[in-house]
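Keep the 3D view open beside the text and take the points one at a time.

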Amino acid sequence: MSSKILEGCHTMVYLTNGTVDKVYGLKSTPFTLRSALIEATDLVLYDRALRKIGVRTPERYGFQLRHNPKGPGLLLVETVQYIPDSVDDLFPDASPEMVLTVAKDMFSIISATLPTRGRTIIDTPISNFRRDREITYYVDLMPPRGRIRGIYRIERPEPRDKKIKAFLFQRYCGPSTPVLALNQWCRRRPQLRRQFEELIRKTLETRGNLEAAEFFEQRPAKNLSPVTINRLTPYDCDHIRDIGCELAYRGNLTVEGLRDIFSLAHIVPGGILPAPEEITRAKQLLLAYC
Ligand SMILES: Nc1ncnc2c1ncn2[C@@H]1O[C@H](COP(=O)(O)OP(=O)(O)O)[C@@H](O)[C@H]1O
Ligand SMILES: [Mg+2]
């Protein structure tokens, strides 16, 4: 008995007799036999690297190959432990204490990857974290991200443009990565911003990640002025969102206004940046409310 429970941008997720089948190749490019075997190997290596730095991931029970029902190529199916509690569902309505506990867990996972300087990378959306009996897991291992078999992987398919790849790389594992997490949390709970910032600052300091801690204290949202906003480019989408969250926290920007900022400053997975007009529009909104 199998039922589809969820899907992300790479993966279809089915609950089958209490375990989860994660189907890869239906939502993104299907595999050849050779690429599926490489992908399964990379998933195992990536999982091992995550566990080595203390990140909890679901147990894996095995892999299968299936024919692609939609055309040529193969699907890779990974069967893993079901992690029942969605952080996405919990975040909007849980008590501030609960939200902060879970945010602290998520940030402890995210910050564990920072000292690896890109050897092991995770993707920060809240939907990639789930909980089981109050333990937080990182569940999204597709694509494996980081240096695997000597090759850096960041997306599937990998961006061809070197500049985009370098940008995505620093976005996922540079000193600005904590801002990605903060944005995810603040868009759902804007009023907890100062507590979120404090827990990020403290964790970075405790872990001795001074480069990221310093970046965090000096980022554009902390030096808010028209000059700061005017300087932002399409590569600064995460700062545009961060400033939107700051203005929402201050009560200058409504929930709808914040939603507009997030959609104007959206980077499509794979690294497609917003058009310059969208950034101009986002900056106009920020300037109007700052
Ligand atoms: N082991 C699991 N148990 C329960 N839900 C899961 C599990 N793995 C993923 N999910 C959920 O399925 C959805 C898509 O999974 P994810 O691995 O993030 O796919 P994608 O790579 O496409 O983003 C997410 O909402 C995630 O929380
Ligand atoms: Mg995901």
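This is a predicted model: local features need pLDDT of at least 70, side-chain atom pairs count only at pLDDT 80 or more; totals for chains, interfaces and linings use all residues.

1. Strand S6 covers residues 85–86 and strand S7 covers residues 129–132; two bridges join them, and they run antiparallel. Here Ser86 stands opposite Arg130 in S7. On to the other neighbour: S7 pairs with strand S8, residues 135–138, in the antiparallel sense over four bridges. In that pairing, Arg131 stands opposite Thr136 in S8.

2. The link from S7 to S8 deserves a look of its own. The two strands form a hairpin with two residues between them. Which residue of this hairpin takes a positive phi? The residue is Arg133, with a phi near 45°.

3. Next comes the five-stranded sheet. This one is also described as open, with the order S1-S2-S3-S5-S4 and antiparallel pairing. Its edge strands are S1 and strand S4 (60–67), each pairing on one side only. On average, neighbouring strands of this sheet are turned by 25° against each other, if direction is ignored. Helix H1, residues 33–52, packs on the sheet and touches strand S3 (19–24), S4 and S5. The direction of H1 makes about 25° with that of S5.

4. S1 and S2 pair in the antiparallel sense over five bridges, and they form a hairpin with three residues between them. Within this pairing, Lys4 has Tyr14 in S2 as its bridge partner, while the partner of Glu7 in S2 is Met12.

5. From S2, carry on to S3. Six bridges join these two strands, which run antiparallel. Met12, already met as the bridge partner of Glu7, has Val23 as its bridge partner in S3. S2 and S3 also form a hairpin, with two residues between them. In its turn, Asn17 has a positive phi of about 45°.

6. A ligand comes next. There are 20 residues around ligand 1, and those that come nearest are Leu6, Gly8, Thr11, Val139 and Asp140. Which strands each supply at least two residues of the shell? They are strand S1 (2–7), strand S2 (11–16) and strand S5 (74–81). By class, the shell divides into ten nonpolar, seven polar and three charged residues.

7. Now for the helices. Two packed helices are described by the angle between their axes and the distance between the axes. H3 and H5 pack at an angle of about 155°, and their axes are 11 Å apart. That angle makes H3 roughly antiparallel to H5, since angles over 145 degrees count as roughly antiparallel. The crossing of H3 and H5 is right-handed. H3 brings Ala103, Met106, Phe107 and Ile110 to the contact, and H5 brings Thr177, Ala181 and Trp185. This contact has six nonpolar residues, one polar residue and no charged ones.

8. H5 has another helix to pack against. Helix H5 (residues 177–188) and helix H6 (residues 193–206) pack at an angle of about 155°, with 10 Å between their axes. Are they roughly parallel or roughly antiparallel? The angle makes H5 roughly antiparallel to H6. The crossing of H5 and H6 is right-handed. From H5, Pro178, Leu182, Trp185 and Cys186 meet Arg193, Phe196, Glu197, Ile200 and Leu204 of H6. These residues divide into seven nonpolar, no polar and two charged.

How values were computed
Residues are numbered from 1 along each chain as its sequence is written. Chains are lettered from A and ligands numbered from 1 in the order in which they are written. Axes are lines fitted to C-alpha atoms, for helices over the stretch in contact, and angles run from 0 to 180 degrees between N-to-C directions. Angles under 35 degrees count as roughly parallel, over 145 as roughly antiparallel, 65 to 115 as roughly perpendicular and the rest as oblique. A crossing is left-handed if the near helix is turned anticlockwise from the far one by less than a right angle, and right-handed if clockwise. Two residues are in contact if their C-beta atoms, placed from the backbone, lie within 7 Å. Ala, Val, Leu, Ile, Met, Phe, Trp, Tyr, Cys and Pro count as nonpolar, Asp, Glu, Lys and Arg as charged, and the others, Gly among them, as polar. A residue is near a molecule or strand if its C-beta atom, placed from the backbone, lies within 6 Å of it. Two strands pair if DSSP finds at least two bridges between them.
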